[in-house]
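Trainee: I've got a structure to look at, and I'd like to learn how to read its features. Can we go through it together?

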Amino acid sequence: MAGIDPIVDPRLRLEVLTAEEVRRIHAATLDVIESVGVRFPSPRALDVWEAHGASVDRQTMVVRAPGTLIEEALRQAPPVYPLAARDPALDLPLDGRHVYAGTDGCGVEVIDLETGEKRRSSLRDVEEIARVCDALEEVAFHWVPVSAQDRPPASRSLHELAAIWRNSTKHVQTESVVTAREARAAVEMARAIAGGADELRRRPVLSIMQCTTSPLAQDGGSLEAALVAAEAGLPVGFMTMASCAFTGPATVAGSLVVGNAEVVSALALMELAAPGAPVYYAAAQTAIDLRNGAYTGGGPEDFLFGAATNALADFYNVPLSMGSFATGAKEPDWQAGIENSLSTFMASAVVSDMLLGVGLLYGSRIWSYEQLLMDCEIYAIVRSMLRGIRVDDESLAMDAIRDAGPGGDYLTQPHTQRHMRELFRPRFLDRRSYGAWETEPDRPRDWARRRAKELLAGHRPEPLDPGLEAELAGIVVAVEVEAERSPESAPA
Amino acid sequence: MTSELFAAMRQSIVEGDADRAEELAARALGEGMDPLAAIDEGYVPGLRHVGDHFAIGEMFLPEMMLAARAMKRAVAVLEPEMARRASRRRVLGRVVLGTVHGDIHEIGKNLVGMMLSASGFEVHDLGVDVPFERFVEKAREVDADIVGVSALLTTTMVGQRSVVEALRDAGLRPRVKVMVGGAPVTRGWAEEIGADGYSEDAVGAVNLARQLVGA
Ligand code: B1M
């Protein structure tokens, strides 16, 4: 069994927004929700809003809600709760002290470990990635990393969940449950794993992520799935991707307001429907490429979003899941290194509770095991940096300094023996001599690939109880049968 | 006088000033100008200017969008008169475009549509979450040369196959060509579902559309 070694209590601090600036963004956000409104294309959602006195236009499905209603609703959200795991030792308290990395999600292609060729993703990839990530101490939880495209759309998201539970004891989060039907089945599966409905509320082994539809709208299916999950006590997050100059204003502050209005209004809805439900803020905002409109997933604006968003989540006193890593690069290269390092540093230094996530290239589309392991290396470097510099009698090392004196060395000092293992030891940085490199000019990414193969071949996760496995499979089959009968409510 | 009007039309597109483009179109009609001349000699050169400067990195997407919008507004003013004279704009081809049923990603599809319009195609954009039959109806209605289907989700890309099949069942294939695109779509997928082409981005989509209509 592998443990988790997360970033905890970072000693470096970063203030990207002052308290006054956060208040201005908040005020602008409430103004937007009240005067411009947010579209909620779900009859259920509109009913909830109406019941609480918001102004609802049934035609356009736009909701305009007073700031006080939003603020009161958000006050019901618990500030601290755990993401539970099949193995309780791997539960993750979202307590504002930890920064946990998860995998990135919903990739569509995989760079095959054996052939190096890019191909369509399948259920087997979901299983194998889960197994490898189970062994990595940097990966604290799973997002469904790629889509099981060899399974029917109506039940695909459920096959994916079962595959991860079969191959790992860590917490699972999904972004692929986008209909009420899937959500009901996912809750049933999670109850089976947790040991009942009450137990699931206490220890949610599954959490749900939904996307907002920038600018200023939600997706109907996602809302209905989220409501089902929130009522069952699963943590639910809403992620905005409002991007500068396309789905958000060109300025970072303006896009923060638009994104904030989307997330905050969705979280408020969850609290109105299920008071006290655990919710979280999520964001993967960026700036578009001005030439082709592409979602860049990198660049200075992206990194600033990474740090600014946590100030908002803290203001609302809910956990944050921040899009970091997620490079736009096509392969594990210079661009991937720089983008994933800076985004992860910024999001971690402000103590974002969850980071999404490791392993995908090309704007969250292509899974690469090499990138996975190198992303973990980035996380490990950032973790070391955030531990900061300890200054006390022992670390000032006066005895060792006296002992070595001018011109001596510290190699054989007992102090060195005591502390050298605290120094960072890279796995995927090339520190060999030039000659050694010339003789065998392989690269860190080759070592990463080798390591992934070793883990895949050698790591045996704690298996799921066969009875439980059959129970999960039964739930999935039931959904397939139901979908055959009424295909119209199949996933969007 | 006419040349001044043409220059102003061109400028309205370059500046992306839709109100001005519309106003100039109305003035042209008032002066009895042939609407086709207004388009071809007034507005299209503006669009070409924007396209050229976009290509060399001096103008950006938001400026392209504004130019396309101004163009659309001007053409809308000129259209009734074109219909009255029974003149049809010379276009490279007619494209019916949409994001497939169940899918609401629209940014890429909009870009493709804009680039196609700017390159001389007549584009009928059906929006997002478009039922399969709607593509067929619209293709019939406007006598389309190409149906373009965008899908960004692995769960909805299967709908691209349904559109190909629906067009076939309606007897529109192979005359009406099908092009597909979107994040999970690959050349292999396009071949597998019997589409005529695939492109990875908006510029590629224009080249592909040109090829498909033999332009
Ligand atoms: C006809 O001929 C042609 C020819 C070429 C064509 C063409 C047609 N169509 C496109 N092209 C090509 O030319 C265009 C221009 O260059 C290009 O278009 P693109 O659209 O690729 O490029 C655009 C210019 C910019 N790119 C984009 O606009 C898409 C970017 C990403 C990040 C993305 C966004 C922004 C969004 N999303 Co969504 N989204 C992702 C995307 C990941 C990615 N990097 O692609 C993807 C596609 N989304 C995904 C998901 C899962 C989802 N999204 C959802 C929602 C959204 C938003 C609404 C938040 C937003 C869309 C906003 C909007 N108004 O369109 C949900 C689905 C909603 C629905 N029913 O459709 C939801 C299910 C999330 C949820 N749980 O709610 C993933 C799909 C994974 C999968 N396995 O299917 C995804 C790959 C990201 C990820 N890894 O999670 C080419 O593809």
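Mentor: Start with pairing: two strands pair if DSSP finds at least two bridges between them. Keep in mind that this is a predicted model. Here, Ala101(A) stands opposite Val139(A) in β10(A).

Trainee: Which strand pairs with β10(A) over two bridges, and in what sense?

Mentor: That's β7(A), residues 98–103, and the pairing is parallel.

Trainee: What do β10(A), α5(A) and β11(A) make together?

Mentor: A β-α-β unit, and a right-handed one, with α5(A) covering residues 156–167.

Trainee: Why is β10(A) called largely enclosed by the rest of the structure?

Mentor: Buried means under 20% relative accessible area. Five of the five residues of β10(A), 139–143, are buried, so the strand counts as largely enclosed.

Trainee: And Val391(A), is that buried or exposed?

Mentor: Exposed is the word for over 50%, and Val391(A) has 62%, so it is exposed. You'll find Val391(A) in the loop between α12 (369–386) and α13 (393–396) of chain A. Val391(A) also belongs to a nonpolar surface patch, along with Ile389(A), Leu396(A), Met398(A), Ile401(A) and Tyr410(A); together they have about 610 Å² of accessible area.

Terms used. Residues are numbered from 1 along each chain as its sequence is written. Chains are lettered from A and ligands numbered from 1 in the order in which they are written. This is a predicted model: local features need pLDDT of at least 70, side-chain atom pairs count only at pLDDT 80 or more; totals for chains, interfaces and linings use all residues. Side-chain values use heavy atoms; hydrogens and water are left out. Patches are made of residues with over 30% relative accessible area and no salt bridge: like charges are joined within 9 Å, nonpolar side chains (Val, Leu, Ile, Met, Phe, Trp, Tyr) within 5 Å. Accessible areas come from the Shrake-Rupley method with a 1.4 Å probe; for residues, only the protein chains shown count as cover. A salt bridge is a side-chain nitrogen of Lys or Arg within 4 Å of a carboxyl oxygen of Asp or Glu. Helices (H or I, at least four residues) and strands (E, at least two) are DSSP runs, numbered from the N terminus. Buried means under 20% relative accessible area, exposed over 50%, partly exposed in between (1.4 Å probe, protein chains only). A crossover is right-handed if, with the strands pointing away from the viewer, the path from the first strand over the helix to the second runs clockwise.
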